[in-house]
Amino acid sequence: MAMLKTRAATYQAYDRAVGKQGRVLVLLCVMSAFLFGGIGARLGYLQLVEGDRNRQMADENRIRLIPKPPERGKILDRKGRILAGNTFSYSVFLWPLAAKKPEWPQTVELLAKILKIPAAEIQQRVEQAGVNSPSLIRIAQGISQAQIVALEEHRNFLSGVEVDREALRFYPHGEIGAHILGYIGELNEEELAARRDQGYRLGDVIGKMGVEATYETTLRGTWGGQQVEVDGQGRVIRILGQKVARPGNDIILSVDLDLQKAAEAALGNRNGAIVAMDPRDGAILALASYPAFDPNWFARRMTQAQWDELQRRQFPFVNRALQGFPPASTFKVVTAVAGLESGKFSPDTVLMTYPALYTGGFAFHDWNRAGFGPQGFAGALAWSSNTFFGQVGRRIGPETLVEWARRFGMGSKTGIDLPGEAAGFVPDPQWKKETFGEGWYDGDSLIVSIGQGALQVSPLQAAVMFAVPANGGYKVRPHLIRSDNPDRWRQSLNLKPSTVRVVRQGLRQVVTNGTGSALNVPDVAIAGKSGTGEDPPRPHHTWFGGYAPADNPEIVVVAFAENSGGGGGFVCGPMVLKVIQAYMKTRDR
């Protein structure tokens, strides 16, 4: 009996132990089912719900877009010589997705040190493109051989950094023609926002000034690139797709490189401008402005020394050929035409000139303070008589004088294919009433008739003015693109043949026996007019405009010297002569 009780107790203990283990096993099974069920549910969610997004992220981590910028179109002179072209250099690119995030701060600091670029600037470029950008981001152009070697030496610490070869803008003649050509630069944030719809992207360069800006859409070309698959080390496994970059179109200018060099040499280091133009169709042969700049400095990162040099110059980006100044006695060409076309004066008119004209208590002197005796229009132009043209301006009145100034294009932009042109200014009775609250007096007509006072004319507008008598009575529209259709660029002013004849006689006499005798040389017959514009309290401006050959003009040249002092014939006349002589030597080459 005792044995049976003992055995029963043993079985009961066994049953309790087995039951406990069973419950544990059941519990483990339930927990395992819950755990694996959760993992399965998560995998299902990632596969079914987030599958597309995760595949995209995986692709972005193994597929790289390598952009290939286009080669910018060249700018050529009229004889096909390169004024702006391209050279190839090495640039540094960054692929944010390939960079190891924990090492990012060290990468930026190392790049900044090697490339001599502030770390904040590199970070800003990355943030502009987006830290998850699958495309390469350019962070430096035109790096040196020493920088290439340094980047290669530190490659193990520069994940996501690449060096590649690309075209870089190059201006082989440095400062020559800078105000014609302009310069290029990368889009800033505002420009990118404005041009994104036109296909521009981060890292694009655009023309910022001059022809580079005017003909941006012609010169820019179309981006290309490659889509490649890379391994975990960023090495290219295969090319998935490719689009060839399409280069921009070349443009040919009317400018002659030799004549441009001659104009800039003639201007020298005087603040001012020289314009050389074909009077038959308005084609610009040369256009110089001083001080200037080297557009190559903007094609890559500018050094501090270059920036400091630009700051020392007096407004080097201002194209003085397109800005307004008092035209002084060069404007007497307009006054002569207005007088002869008004019907109040004949080609044979002779007026007495005086030491001064008096009106309203003011005296308007002839420049020699003695007058030149009786003179006709030709003689008055030759001697630049203020009292002769003052009488003409006073008699025809402000309406006729202003009308002819505007018919010559003054007070309006010429329409040249360059940005930054000023319209100039032609004062009239309405302007004076609104500005000063008083009427127009005879003295106002006297002042305008000799090109002084509020009148503002650019050297380019003055060239258009001199072209009228040179070409027989046509107003031309200046342009820089070479053209074989002269009629497209000119408009007849319907001048009487006698008007053209008398003005041309006067402009020739300026050189043969008047204020422009410095241009009276045996090798070419020149006609023209000098001018001295007041700018108190500063020294006055000087002008000379002329054309040649006098009997069959092919070139108009206007020289302007800002606050130079002296006389127009003495200061600017020799500049015009040098450019005309250079033209005569090179025109047949």
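Biologist: Which residues of β11 are buried on one side and which on the other?

Modeller: This is a predicted model, and in it both faces of β11 are covered. On one side G272, I274 and A276 are buried, and on the other A273, V275 and M277.

Biologist: How many residues lie between β11 and β12?

Modeller: The two strands form a hairpin with 6 residues between them. In the turn, G282 has a positive phi of about 85°.

Biologist: What is the strand order in the whole sheet, and where are its edges?

Modeller: The sheet is open and has 5 strands, in the order β12-β11-β21-β20-β19, with antiparallel pairing. At the edges stand β12 (284–290) and β19 (527–533); each has a single partner strand, so one side of each has no neighbour in the sheet. From one strand to the next the twist averages 5°.

Biologist: Which helix lies across these strands?

Modeller: Helix α17, residues 459–471, lies across β11, β12, β19, β20 and β21. Its direction is at about 145° to β21. S458 belongs to the loop between α16 (442–449) and α17.

Biologist: Is S458 buried or exposed?

Modeller: Buried means under 20% relative accessible area. S458 is at 0% relative accessibility, so it counts as buried. Leaving out residues up to four places away in sequence, S458 touches A321, L322, Q323, G324 and W543.

Biologist: Where do the nonpolar residues gather, and which of them have the most contacts inside the largest core?

Modeller: The general idea is that nonpolar side chains tend to be buried together in soluble globular proteins. Here the largest nonpolar core has 75 residues, and those with the most contacts inside it are I75, V211, L253, F377 and L480. Apart from it lies another core of 31 residues, among them A266, V557, A559 and C572.

Biologist: What is L253 in contact with?

Modeller: Setting aside neighbours within four places in sequence, the contacts of L253 include I75, V211, L480 and I481.

Biologist: Where is I481 found, and how accessible is it?

Modeller: I481 sits in the loop between β17 (474–476) and β18 (490–492). At 23% relative accessibility it counts as partly exposed, because the cut-off for buried is under 20%. Besides L253, I481 touches Y215, I251, I252, S254 and D417, not counting residues up to four places away in sequence. I481 and S254 are 227 residues apart in sequence, yet their C-alpha atoms are 5.5 Å apart in space.

Biologist: At what angle do α3 and α4 cross, and which residues make the contact?

Modeller: The axes of α3 (residues 104–115) and α4 (residues 119–129) come within 8 Å and cross at roughly 120°. That makes α3 oblique to α4. The crossing is right-handed. The contact is made by W104, V108, E109, L111 and A112 of α3, together with A119, I122, Q123 and V126 of α4.

Note on methods: Residues numbered from 1 in each chain as written. Predicted model: local features only at pLDDT ≥ 70, side-chain atom pairs only at ≥ 80, totals over all residues. Heavy atoms only, no water. Core = buried A, V, L, I, M, F, W, Y, C linked by side-chain atoms within 4.5 Å. Buried < 20%, exposed > 50% of the residue type's maximum accessible area, 1.4 Å probe, protein only. Contact = heavy atoms within 4.5 Å. Helix = DSSP H or I, 4+ residues; strand = E, 2+ residues; numbered from the N terminus. Pairing = 2+ DSSP bridges. Axes fitted to C-alpha atoms, helices over the stretch in contact; angles between N-to-C directions. Parallel < 35°, antiparallel > 145°, perpendicular 65-115°, else oblique. Left-handed = near helix turned anticlockwise from the far one by under 90°.
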